[in-house]
There are 2 protein chains.
Amino acid sequence: MPRAVRERQMLDAAVHTFGQRGYRAASMDEIAELAGVSKPLVYLYLNSKEELFTACIRREAAALIEAVRDGVTPGEPADRQLWDGLRAFFTHTAEHPDAWAVLHSQARTVGEPFAAEVNVMREEIVAFVTLLIAEAARAAHQDPSLPDREVAGLAHALVGAAESLAGWAITQPSVSAHQAAATMMNFAWAGLGDLMEGRFWSPNP
Amino acid sequence: MPRAVRERQMLDAAVHTFGQRGYRAASMDEIAELAGVSKPLVYLYLNSKEELFTACIRREAAALIEAVRDGVTPGEPADRQLWDGLRAFFTHTAEHPDAWAVLHSQARTVGEPFAAEVNVMREEIVAFVTLLIAEAARAAHQDPSLPDREVAGLAHALVGAAESLAGWAITQPSVSAHQAAATMMNFAWAGLGDLMEGRFWSPNP
């Protein structure tokens, strides 16, 4: 079996085990067993539990970012791009709960170096959202336009809101990815002020 | 000196040291020195580094929640309550950056038991915001009203947005607490859709 395939099996097993049992409780024995390989082979390929965990974070962070980018069509209206990106985000996290547990909970609580790995991904998503908001504001040709600092603040708020909502939605079997994305649009696009007046955001205006 | 005063000095020193240097790097020696007491006295009062850190989390979480509750006047219009609560939140975190570092970064990354302590506070704030949104929606008498599940989702989104924005704002010397609260109102109350049209939220309509 080629090395790349074996490595992918090991990472699949590791993400599942870390996500289900937590970093500290997860053992290299069970990861090797789940991957159907010997423990020495896991160490040969990935060196240590720390490096294996780091490899999981990097792979899953890249997969999440790719899913969001792939979901969005550049040039569409801003709310459509946001809606598409949010649906991709909530669908990906709902379909990969172990990966989301690794990125959202495990990596942050286990220690500083892993938290820093996740922050790299987070900053990439914030930069992507910042660009999206800035472009939308430019396209709307408003005066006064949104100052850069305001755009950066809004992007941080939006990413924090989506993370928090995903952490909650994943514990609610009755909340679908579509519903979570709709809640985010109601919050971030329509705003609470409009919701109070009964004006919800809708994908079909 | 009364025990309560000594204990407060120790906690003040501990929050400052943990906030500045991180949980692992902080030593009981420097905390005792900063508090102006002997190390054995710190252990006598607070048992261990873990318990000292837990005491810091509990005290600072309670102080933050109290600040937000005190900032809000029940019975005011919903956007005014939200604005007051957000200003109290951003003012408190800006004025107590070490406490915020302990709650927002340290407690989450050091390990599961500490992260759980912070989550208790977080759930209390989410419950408070949930009530605020639900009451506002009821007061607005809209049909269709906001379903409970949507309100819970919105509250989680709002708290995540404020946390994320505070984490960013604290690193930006040019962003005041007032500006951060205004950005949150623009985001959460006006919504990005209104902002694109140049309709900002304002405390003086």
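Which helix of chain B do B:Asp84 and B:Arg80 both lie in? They lie in helix H5, residues 78-95, four residues apart, about one turn of the helix. Helices here are DSSP runs (H or I, at least four residues; strands are E runs of at least two), numbered from the N terminus. The two side chains meet in a salt bridge at 3.6 Å, N to O, with a salt bridge taken as a side-chain nitrogen of Lys or Arg within 4 Å of a carboxyl oxygen of Asp or Glu. B:Asp84 is buried at 13% relative accessible area, while B:Arg80 is partly exposed at 25%. For those words the cut-offs are under 20% relative accessible area for buried, over 50% for exposed, and partly exposed in between (1.4 Å probe, protein chains only).

Some ground rules before going on. This is a predicted model, where local features need pLDDT of at least 70 and side-chain atom pairs count only at pLDDT 80 or more, though totals for chains, interfaces and linings use all residues. Residues are numbered from 1 along each chain as its sequence is written, chains are lettered from A and ligands numbered from 1 in the order in which they are written, and side-chain values use heavy atoms, with hydrogens and water left out.

Now step back to a whole chain. Chain A has nine helices and zero strands, and its C-alpha atoms fill a box of roughly 65 × 35 × 30 Å along the principal axes. Of its 205 residues, 54% are buried. Take the contacts (heavy atoms within 4.5 Å) in chain A with a separation of 6 or more: 66% of them come from residues 24 or more positions apart.

In helix H1 of chain A (residues 3-21), A:Arg3 and A:Glu7 sit four residues apart, about one turn of the helix, and their side chains pair at 3.1 Å, N to O. A:Arg3 counts as partly exposed at 44% relative accessibility, and so does A:Glu7 at 24%. A:Asp12, A:Arg59 and A:Glu60 are linked in a network of salt bridges. Over in chain B, B:Glu30 pairs with B:Arg21, the closest N and O atoms being 3.0 Å apart. B:Glu30 is partly exposed at 25%, and B:Arg21 is partly exposed at 45%.

Another residue of chain B to look at is B:Gln106, in helix H6 (residues 97-110). B:Gln106 is buried, at 12% relative accessible area. Its side chain reaches the backbone nitrogen of B:Tyr23 at 2.8 Å. Leaving aside neighbours within four places in sequence, B:Gln106 is in contact with B:Phe18, B:Gly22, B:Tyr23, B:Phe53 and B:Ala101.

Finally, how do the two chains go together? A rotation of 180° with 0.0 Å of shift along its axis superposes chain A on chain B, RMSD 0.0 Å. The two copies are thus related as by a two-fold rotation axis. The superposition is by least squares on the C-alpha atoms of residues with pLDDT of at least 70 in both. Because 100% of the interface residues of chain A are also interface residues in chain B, the copies meet through the same surface.

The contact takes 48 residues from chain A and 48 residues from chain B. About 4,000 Å² is buried between them, 64% of it from carbon and sulfur atoms; buried area is the accessible area (1.4 Å probe) that two parts lose on being put together, summed over both. In chain A, A:Arg149, A:Phe187 and A:Met196 lose the most area to chain B, together 17% of what that side buries. Between chain A and chain B the count of salt bridges is zero.

Conventions
Polar contact = N/O pair within 3.5 Å; in protein donor to acceptor, adjacent residues only side chain to side chain.
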